[in-house]
Amino acid sequence: MNKQLMWSLLYIVALFAIFYFLFIRPQRKKDKELKEMRDSLAVGDTIITIGGIVANIAKIEEETVVIEFGPSRTKMPIQKWAIGSVQSKKEIQ
């Protein structure tokens, strides 16, 4: 019985390790990269929101970003978590 209990525990630990390295760890890495990307935003960067809007950053606040888009340069505030990716960084001169 003792040997069977040991193998059962070993099996559970092995399953947890597999799930950790296949699912939990990559997701944490992706979340960390997204947070770093959102923290390094600068005025003038071209971004793509998770809704597909391509816009330039006009103003950065604590949890929100004011973006401008379209030919009339319409400005709209959005939450930082709604930014999906940075298309191009503004060139620092």
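Mentor: Helices (H or I, at least four residues) and strands (E, at least two) are DSSP runs, numbered from the N terminus. This is a predicted model, in which local features need pLDDT of at least 70 and side-chain atom pairs count only at pLDDT 80 or more, while totals for chains, interfaces and linings use all residues. Residues are numbered from 1 along each chain as its sequence is written, and side-chain values use heavy atoms, with hydrogens and water left out.

Trainee: How many salt bridges are there, and which side chains meet in helix H1?

Mentor: Side chains of opposite charge can pair when their charged atoms come close. A salt bridge here is a side-chain nitrogen of Lys or Arg within 4 Å of a carboxyl oxygen of Asp or Glu, and by this rule there are three. One of them joins Lys35 and Asp39, at 2.9 Å from N to O; these two residues are four apart in helix H1, so about one helical turn separates them.

Trainee: Which residues form the other bridges, and are they buried or exposed?

Mentor: Buried means under 20% relative accessible area, exposed means over 50%, and partly exposed lies in between (1.4 Å probe, protein chains only). Glu61 pairs with Lys59, with the closest N and O atoms 3.3 Å apart; Glu61 is partly exposed at 35%, and Lys59 is partly exposed at 44%. Glu68 pairs with Arg73 at 2.8 Å between the closest N and O atoms, where Glu68 is buried at 13% whereas Arg73 is exposed at 53%. Arg73 lies in the loop between E3 and E4, and its phi is near 55°, a positive value in a residue other than glycine.

Trainee: Which residues make up the largest nonpolar core?

Mentor: A nonpolar core is a set of buried Ala, Val, Leu, Ile, Met, Phe, Trp, Tyr and Cys residues joined through side-chain atoms within 4.5 Å. The largest one has nine residues, namely Met37, Leu41, Ile47, Ala55, Ile57, Val65, Ile67, Ile78 and Ile83. Strand E2 (54-60) and strand E3 (64-69) each supply at least two residues of this core. Contact means heavy atoms within 4.5 Å, and, not counting residues up to four places away in sequence, Ile78 touches Ile47, Thr49, Glu63, Thr64, Val65, Ile67 and Ile83.

Trainee: Where is Lys80 found, and is it buried or exposed?

Mentor: Lys80 is found in the loop between strand E4 (74-79) and strand E5 (83-88), and it is buried, with a relative accessible area of 15%. Its C-alpha atom is separated by 5.8 Å from that of Glu63, although the two residues are 17 apart along the chain. Beyond four places in sequence, the residues that Lys80 touches include Arg38, Ile60, Glu61 and Glu63.

Trainee: How many aromatic pairs are there, and how should I read one of them?

Mentor: A pair of aromatic rings is described by the distance of the centres and the angle of the planes. Rings of Phe, Tyr and Trp (its six-membered ring) pair if their centres lie within 6.5 Å, and planes under 30 degrees apart count as stacked, over 60 as edge-to-face and the rest as tilted. The count comes to two, among them Tyr20 and Phe21, which are edge-to-face with 5.2 Å between centres and 85° between the planes. Tyr20 is partly exposed, at 28% relative accessible area.
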